[in-house]
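Here is a short report on one protein model. Start with a pair of residues, then widen the view.

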Amino acid sequence: MAATKGKILYKVYRALSYGLSPFLYLHLRWRVLRGLEHPLRWPERLGRPSHARPPGPLLWFHAVSLGESLATIPIIKQCILRRPDLNILMTTTTYSAFQVVRNCLPTGVIYQFAPLDTAAAIDTFIAHWKPKVIILMESELWPNLILGASQHGITMALLNARMSATSFKHWSIPVFIPLISLMLSKFSLILPLSNLQAIRFQLLQAPPPIISFAGDLKFAVEDIGMSVAEIKKVEDLRAQLAQRQVWMASSIHRGEEEVILEVHKMLLEAHPSLVTIIVPRHPLHGKEIALEMQKEGQNVALRSQGENITSGTNVYVVDTLGELRYLYGITSIAVVGGSFLPGLAGHNISEAAAAGCAVLTGPYIAHFSSMVAKMQQFNPMSVLQVHGKLDLAEALRNLLGDDKVLEAHRLAAKHAQQALACGIIVGTWNSLDSNVLRSAFGVDDIHKCSDCWPHMKIASLVIFAHVRMPELSIQQLR
């Protein structure tokens, strides 16, 4: 009965997506004009490919934005090591993710923008790429994608699965339960990132046998490499900051700069040479912050303009993309934004912790509450959660005023991140391989290619060594 209701709801949704397609097309063109979509590759969002499909079985990974995309890359690398017989397609939704991820993907991985969840776009995309398996990241639960793929016999998995409290509330409305239940039943594997998330998926009637645990992939921070030019830029900035005290506010959303700048003014009284680095979530926001400060007569340097930090510079605004991981390496304190205003839900703190920063975050961290809780359980000093600008200012004064306290917090954050990241990639791969890939592609496909087998043996030794010695990276073991 519930399955029948779910199918009826899906037919209604599919019909609506057909009817709304002209308006979605106009909205997409409007986004192109605003610079929110790629100026040339935007037709990919309608399912139209810009790349030929290679022969052979194809595995499709999909993530929405930059954070989820970077968390996917270690699994893609694992797949290349263990299953070189597979073609790999990676899609993301946001333009900002494209600008960074395209340079981080391993050689041979095909990159496309994800199609909109309209019947026409999904059908066109699947007809061209013909994936045998789709790996979705986090909360990408779209009816046309999931049920359309199921109708084509495509196997699906949901990694780092999470559902916000708002989404859970909406899906829990009785009229929608049959649809979400039908969608979740089409997955062969769901790996939630916490016990709370597992409970939410079970309450939405996900089949218990398909739910397993491997840990939060966002703990597994990997070095994605830097070009010679990028290394020079970062080292130049490090040299400019060598004799200054520094703290950084990262992933700042609109409105949060007011909190950060007020705290900055409070700190200047005791630390006149202090430099505050502000990294907004969106580069345009960074330009707006700098312009506003310049109007007030303040000395601010803007990274996109190549402006240097002089003796009179106290604020440095980073209005570029893809540099955050490297910038964490030049500051000892990181305040992770997206967490200081109601309605926000936090950002990934593990990158800052992996770089050895003392980590602080605000009170609104719904999407990362599990990550914060796990790190604090490992060591309460690993993450400082503050509750407003006065609390933040006091915490920063304590860190800036005592080198021993600062070093203790930095080590606590780094050790907690390393401990929690241990084994996550291998565990995720093992669950994915045993529950999804073997049934979809077969365990013998690899043996059909005699050239692939030596690579498989080497890869197996690398993975075995990594399990026994998790402190070593895959790259080091290779």
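Ser 250 has Val 279 in E8 as its bridge partner. Strand E7 (residues 246-252) and strand E8 (residues 275-280) run parallel and share 6 bridges. Strands here are DSSP runs of E with at least two residues; helices are runs of H or I with at least four, and both are numbered from the N terminus. Two strands pair if DSSP finds at least two bridges between them.

This is a predicted model, where local features need pLDDT of at least 70, side-chain atom pairs count only at pLDDT 80 or more, and totals for chains, interfaces and linings use all residues. Residues are numbered from 1 along each chain as its sequence is written, and side-chain values use heavy atoms, without hydrogens and water.

Now the whole sheet. It is open, with 7 parallel strands in the order E9-E10-E8-E7-E11-E12-E13. Two strands sit at its edges, and each pairs on one side only.

| Edge strand | Residues |
|---|---|
| E9 | 300-302 |
| E13 | 383-385 |

H15 (residues 389-401) has 13 residues.

How confident is the predictor? pLDDT gives its confidence in each residue, from 0 to 100. The protein's mean pLDDT is 90. Over residues 444-478, pLDDT stays under 50.

Note on methods
pLDDT is the predictor's confidence in each residue, from 0 to 100. Contact means heavy atoms within 4.5 Å. The expected span of a helix is 1.5 Å times one less than its number of residues.
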